[in-house]
Amino acid sequence: MLGVSKDLWLKPRGGKSMRDKLDAAIADFAVSEGDHVTYLNLYRAFEDEALGEGGGGQESSREWCNENMVSGRALRRAKEARGQLENYLIRHHHARGGAPSSRGPAGFDSELGHGGGG
């Protein structure tokens, strides 16, 4: 998420009302713990609500991103980067003789912002 953070929020066009909408969208995800946790909240919401359990459709993803004033392109890039990192860690774990697991390396899900830990 950090690699796409500067392009994450849509630039408001259309005056004060759009700026207010952007401020409200940011406030919906913001937490006092800082930007990293805010980005994590946004990414989790994108996965859960925009993509849904069955993978979601492109149209529903686009609508969710527009409603929340975020760049779908940036979130998809973050999702791709997460997948690449996940694959790397799983391969590395198996190369070191780790036992296969449905969760991958210990603590992996919570470290990458997926699942209940965090």
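Lys79 is partly exposed, at a relative accessible area of 35% (partly exposed sits between buried, under 20% relative accessible area, and exposed, over 50%, with a 1.4 Å probe and protein chains only). This is a predicted model, where local features need pLDDT of at least 70 and side-chain atom pairs count only at pLDDT 80 or more, while totals for chains, interfaces and linings use all residues. Residues are numbered from 1 along each chain as its sequence is written, and side-chain values use heavy atoms, with hydrogens and water left out.

So what does Lys79 pair with? The side chains of Lys79 and Glu47 meet in a salt bridge, 3.3 Å from N to O (that is, a side-chain nitrogen of Lys or Arg within 4 Å of a carboxyl oxygen of Asp or Glu). This pair ties together distant parts of the chain, with Lys79 in helix H4 (residues 72-95) and Glu47 in helix H2 (residues 35-51), 32 residues apart. Helices here are DSSP runs (H or I, at least four residues), numbered from the N terminus. Glu47 is buried, at 11%.

The salt-bridge count comes to 5, and these are among them:

| Pair | Closest N and O atoms |
|---|---|
| Arg19 and Asp23 | 3.3 Å |
| Glu86 and Arg82 | 3.3 Å |

Arg19 and Asp23 stay within helix H1 (residues 16-29), 4 residues apart, so about one helical turn separates them. Arg19 is partly exposed at 42%, and Asp23 is partly exposed too, at 36%.

Back in helix H4, Glu86 and Arg82 are also 4 residues apart, or about one helical turn. Here Glu86 is partly exposed at 24%, whereas Arg82 is buried at 12%.

Key:
Helix = DSSP H or I, 4+ residues; strand = E, 2+ residues; numbered from the N terminus.
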